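We will walk through it one stop at a time.

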Amino acid sequence: MKWKEKKKKKEKKRQKKLEKKRAKEEKKKMVRGYASTFNQPYVLYSYGENEIREVVDPHAFDEADMSDVIFQYNHEGRVFARISNNTLSVIPDNIGLAIEADLGGTEIGRDLYEEIAGGYTTKMSYGYTVLEDFWEDTRENDKDISTRTIKKIGKVFDLSAVSIPANDG
């Protein structure tokens, strides 16, 4: 009799674990987007006759260290998702640096999800180091333009939902 009671108790524990997992899956708040896009020059600085642009090469992330990237808001404060706990994925594709993050793990993350879903926060950015770049100077429409092409990223530290990005492309 005691053996059957123990077996029933174990079955209940297993069932509770499955319920918790199922409830956890329902709490996922997924966001997707691009932290950077390839071959799309963007203006970093413009003043008078001078303009500085930047463009990211499609192979810039080929050897980048993205071992434990974190997801933040405006590159500071709390961590909303990260690679090491499987709430963030970061994959370069043919468009740019694609990300997918589950913001459902914390109350403040769920709040950020609602801001994104409501259209209040719609842009992204990333923190990184550059190992290799190339500068080209041209003149267009009476402006001196310096364009930096990022050829090789060393490390990606963070991805952020931002209010105003450097790369608005």
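The tour below visits a sheet and then a surface patch.

Before you click, note that this is a predicted model, in which local features need pLDDT of at least 70, side-chain atom pairs count only at pLDDT 80 or more, and totals for chains, interfaces and linings use all residues. Residues are numbered from 1 along each chain as its sequence is written, and side-chain values use heavy atoms, without hydrogens and water.

**Stop 1**

Select residues 30-37, 88-92 and 96-102, which are strand 1, strand 6 and strand 7. Strands here are DSSP runs (E, at least two residues), numbered from the N terminus. They form an open sheet of 3 strands in the order 1-7-6, with antiparallel pairing; strands pair if DSSP finds at least two bridges between them. Strand 1 and strand 6 are at the edges with a single partner strand each, so one side of each has no neighbour in the sheet.

Now zoom in on the pairs. Strand 1 and strand 7 are joined by 7 bridges, and Gly33 sits opposite Ile99. Strand 6 meets strand 7 over 5 bridges, with Ser89 opposite Glu100. Follow the chain between strand 6 and strand 7 to see a hairpin with 3 residues between them.

**Stop 2: the nonpolar patch**

Next, select Leu44, Tyr45, Tyr47, Ile52 and Trp135, and show their surface: together they make a nonpolar patch of about 550 Å². Patch residues have over 30% relative accessible area (Shrake-Rupley, 1.4 Å probe, only the protein chains shown counting as cover). They also have no salt bridge (a Lys or Arg side-chain nitrogen within 4 Å of an Asp or Glu carboxyl oxygen), and nonpolar side chains (Val, Leu, Ile, Met, Phe, Trp, Tyr) are joined within 5 Å, like charges within 9 Å. Strand 2 (residues 42-47) gives the most, with 3 residues.

Finish on Trp135, in strand 8 (residues 123-140). Is Trp135 buried, partly exposed or exposed? Its relative accessibility is 45%, so Trp135 counts as partly exposed, between buried (under 20%) and exposed (over 50%).

Technical notes:
Helix = DSSP H or I, 4+ residues; strand = E, 2+ residues; numbered from the N terminus. Buried < 20%, exposed > 50% of the residue type's maximum accessible area, 1.4 Å probe, protein only.
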